[in-house]
Number of protein chains: 2
Amino acid sequence: MCQSSEVTTRTRRSQRRTEALSRERIVEAAVELLDAAGEGGLTFRALTERLATGPGAIYWHVANKDELLGAATDAVVAAALAVGPTGPPDPPQDGVRAVALGLFDATDEHPWLAAQLSTRLSRGPWASVTPRIFESVGRRVRALGVPEGDWFTATSALVHYILGAVGQNAANTANARTLGPDTNRAGFLDSASRAWEELDPDDYPFVRAVAKQLRDHDDREQLLAGVDFVLTGITARHLPGGQAHTPPAT
Amino acid sequence: MCQSSEVTTRTRRSQRRTEALSRERIVEAAVELLDAAGEGGLTFRALTERLATGPGAIYWHVANKDELLGAATDAVVAAALAVGPTGPPDPPQDGVRAVALGLFDATDEHPWLAAQLSTRLSRGPWASVTPRIFESVGRRVRALGVPEGDWFTATSALVHYILGAVGQNAANTANARTLGPDTNRAGFLDSASRAWEELDPDDYPFVRAVAKQLRDHDDREQLLAGVDFVLTGITARHLPGGQAHTPPAT
DNA sequence: GACCTCTCTGGAATGTCGTTCCAATGTTGG
DNA sequence: CCAACATTGGAACGACATTCCAGAGAGGTC
C-alpha cells in the first residue's frame, strides 16, 4: 500500500461548504444521530458523513466527544425545562411535578438521555446540567415556605429523587424499543416481571411478591407518587400543619 | 514489517499457568484495576498483563467487557449489602438508612461504582443489581406496615432516591481525588460552590442563594435527611399517625 | 489586482481499544 | 501411548477518537 509521491496532491473538496459549520449545527446533528441510533450511534465517522465534512472541521468547534455529548445533553434538558421558564404562579407542588414530568418526557423522546444524565451527574454533578434542574426545583421549594437554612437539603432530595426515578423509569420505554419493534413497553415489563418471579424464593421473597405490581404499574403515576412522598416529607418537617399533599391532577 | 515464514513458530508460553484462570479471579482483577485507575483503567490489555495471559483466555470465561463490568458491579454491590443480610430486627427506618449508607460507602471505596450503577440501571433496570437492592429495601418497607398494594410504589421511591443521591454525593469525594492528590473533598466543594456563585444572577438566583450551603453540607447527613423525607412521606400516607420520623443516630 | 494573514476545512495518518481467530498446550480417558 | 477435549495466549482485524497538516476562502493592505 506504499503509494508514490504524486498522491500528496490530495483530492481537494469540491468547494467551500455553502452553509457554515457551527457548534450549534454539530450539536444538533449529534442529537439527531443519538435519537436515531442510540448511544453508540454517535461516532465521529457518522458525524462527518452527516455533515459532509472531516473530523478536523468538527474538532475546530468542539474539544472532544465528551464535550459534544455534554452539549447535546444540555441542549435537550434545557428544552425540556423551558416549558415554564420562570415558574408560573401555580401551586409549587404542581411546579415540581411539572419539572419531573418534563424530564420524564424528554428521556422518553431521547432514550439516550437517561444514561447520559446519570453519567454526567456522577462525574461532575455540580457542572453543566445540574444547576438548571436545581434552579427549577429550588424555586418551588422556596415558594413552599421551607426555611432558608433547609433549601439546599430539601431541593437536593427532590432533585436526587427525580433524576433517579426518571433515569430508571424512562428506561422501561426505551428498552422496550431496543428489544424489537414488535415488543412494546407492556411486553418489556412483562418479561421483566417474569424474570423477577423466577428468582430464588429464599433470597428474594419480597421482589417476587411485587413482581405483579411491576408488571401493572404506570411509570408516570409512580413518578408522581414518589415526588409526593418527598414533598410530604419536606413539608411535614418544616410546616407543622403538613397539608402538603395536593393530589396530582389526573 | 513483512517477516518471513519462520515466524509462524510462535514463542510459546513458558508453561501452563500454575493457578487456573477463573471467572472469579478475572472479576477480582477487574475490580482492582477499576479501583486503581478508574473507569478507563479497565482494558483487556491491562487485564491480560495483570493476569499474565492473553485475551482469548479471558474471553473463554467472560462474554465481553460489558458483562465483565456488570459482574464487577454486582460483586461490589453484593458485598456492600451483605452487612446485614436478612435484616436484623432493628427498626425498619434504621434498616433503610443502613442500606443507603452501605451503598454510599461502597461508592466511596470504589469511585467507579456510581457511574456504573447509573449506567446499568438506565440500561436494564430490572436485571442484575437491582433486585438485590430492591429486596433489601423492600423488606424494611414491608416491616413498616405499608399495605401490600403500595409495596412496589413505596420501595421504588426509596430505591430511586437512594441510588440518585448515592451516585451524586459519592461523586463529590471521588471527583475530589481525581482533581489531584492535594485537593480534598472540601476543596472540591469549595470550587463547585464558587462556580455556582458565579452563575448569571438573573437566570440562577436560587442556585446562587444556596451556594454556601453546598459548600458546608455533609454528604451523609444529607443522604439520611432525604431518606427520612421519603420515609415520612410513605408513612404519612399510609399510617395516619405518621410517627415515622425516628431521628438518625448521630 | 496582487500579496499576505487569519480562520476554517477535510482527508490522511496514528495509536488504542474490544474482539476474533487459531495454533498450540496440558489433561483426561481409553 | 494416543485421541478427544477444554483451555490458553499470541497475532491479527476493524472501529474508534484524536491529531496533523496542506490547503481554500475571506478580509485587509498596498
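Are Asp228(B) and Arg97(B) buried or exposed? The points below answer this and describe the related charged pairs.

1. The model is a predicted one. Over all its chains, the structure holds 24 salt bridges. A few of them are taken up here.

2. Asp228(B) and Arg97(B) are joined by a salt bridge whose closest N and O atoms are 3.0 Å apart. Asp228(B) belongs to helix H12 (residues 219-238) of chain B and Arg97(B) to helix H5 (residues 92-109) of chain B, so the bridge ties together parts 131 residues apart in sequence. As to the opening question, Asp228(B) is buried, and Arg97(B) is buried as well.

3. In chain A, a salt bridge with an N to O distance of 2.4 Å brings together the side chains of Asp105(A) and Arg220(A). This pair links distant parts of the chain, with Asp105(A) in helix H5 (residues 92-109) and Arg220(A) in helix H12 (residues 219-238), 115 residues apart. Asp105(A) is partly exposed, at a relative accessible area of 33%. Arg220(A) is likewise partly exposed, its value being 34%.

4. A further salt bridge is formed by Arg194(A) with Asp190(A), with 2.7 Å between the closest N and O atoms. Both residues lie in helix H9 (residues 185-197) of chain A, where four residues, about one turn of the helix, separate them. Arg194(A) has a relative accessible area of 41% and is partly exposed.

Notes
Residues numbered from 1 in each chain as written. Chains lettered and ligands numbered in written order. Predicted model: local features only at pLDDT ≥ 70, side-chain atom pairs only at ≥ 80, totals over all residues. Heavy atoms only, no water. Salt bridge = Lys/Arg side-chain N within 4 Å of Asp/Glu carboxyl O. Helix = DSSP H or I, 4+ residues; strand = E, 2+ residues; numbered from the N terminus. Buried < 20%, exposed > 50% of the residue type's maximum accessible area, 1.4 Å probe, protein only.
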